[in-house]
Amino acid sequence: MKNIPFIKISAKTNYELGFKIGKKLKNNIKRRITACKKLYSAMGIKNFSALEDKAMEFLPDTAKHFPDLVVEAEGLSRGADVKFEEIMVLMCEEEIIDLKIPKCTSIAIKNKDGILIGHNEDWLTS
């Protein structure tokens with residue numbers, strides 16, 4: 001697994017945060033989307049636009065319960081110059097694809113200073 005880049009971002013809005021992250025990690029995000037498309041194709045999922053449609057089905061509930069996350073994802077897609085639907089596939093892939101390999105891990109720890117959230121993407125090697 002490649003090293004995860006450390007970036008420092010200051011932003012006043014969720015959109016600005018997503019946009020700046022997308023801009024800084026543009027090449028990484030594009031490589032990830034390309035790698036996922038290749039992997040899905042190798043798994044027999046040839047129609048990526050069908051995955052985009054499926055991921056977009058999650059948008060109404062996500063927007064209702066986590067509107068700031070949707071705004072941030074919109075900024076991320078624009079900053080990285082990729083389609084919002086592609087970002088949604090990455091955000092929802094564990095929900096829309098039945099992978100026969102180990103999946104990622106998410107954790108959250110609450111302490112007196114706030115909440116620390118961690119997530120790894122260890123199922124994809126590139």
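Predicted model: local features only at pLDDT ≥ 70, side-chain atom pairs only at ≥ 80, totals over all residues.
Let me start with A55, which has its place in helix α3, residues 48-56, where helices are DSSP runs of H or I with at least four residues, strands are DSSP runs of E with at least two, and both are numbered from the N terminus. Residues are numbered from 1 along each chain as its sequence is written, and side-chain values use heavy atoms, with hydrogens and water left out.

Back to A55, then. Because its relative accessibility is 0%, A55 counts as buried; the term means under 20% relative accessible area, with exposed meaning over 50% and partly exposed lying in between, for a 1.4 Å probe and protein chains only. Leaving aside residues up to four places away in sequence, A55 touches M88, V89, C92 and I96, a contact being heavy atoms within 4.5 Å. With M88 in particular, the separation is 33 residues in sequence, and the C-alpha to C-alpha distance is 5.6 Å.

A80 sits in helix α5, and with a relative accessible area of 0% A80 is buried. What does A80 touch, not counting residues up to four places away in sequence? The partners are G22, K23, K26, I29 and K30, and for K30, which is 50 residues from A80 along the chain, the C-alpha atoms are separated by 7.5 Å.

Now to the loop between α5 and α6, where D81 lies. Most residues other than glycine have a negative phi. D81, although not a glycine, has a positive phi of about 60 degrees, and because its relative accessibility is 52%, D81 counts as exposed.

Helix α5, residues 67-80, and helix α6, residues 84-96, pack at an angle of about 125 degrees with their axes 9 Å apart. That makes α5 oblique to α6. The axes are lines fitted to C-alpha atoms, for helices over the stretch in contact, and the angles run from 0 to 180 degrees between N-to-C directions; under 35 degrees counts as roughly parallel, over 145 as roughly antiparallel, 65 to 115 as roughly perpendicular, and the rest as oblique. On the α5 side the contact is made by L69, V70, A73, E74, L76 and S77, and on the α6 side by F84, I87 and M91. These residues divide into seven nonpolar, one polar and one charged, where Ala, Val, Leu, Ile, Met, Phe, Trp, Tyr, Cys and Pro count as nonpolar, Asp, Glu, Lys and Arg as charged, and the others, Gly among them, as polar.

Let me turn to the strands. Strand β1, residues 106-111, is hardly covered, since the count of buried residues among its six is zero. β1 pairs with strand β2, residues 114-119, in the antiparallel sense over six bridges, pairing requiring that DSSP finds at least two bridges between the strands. The two strands form a hairpin with two residues between them, and K110 stands opposite I115 in β2.

Finally, the whole chain. The secondary structure comes to six helices and two strands, and the pattern along the sequence reads α-α-α-α-α-α-β-β. Of the 126 residues, 28% count as buried. Among contacts with a separation of 6 or more, residues 24 or more positions apart account for 60%.
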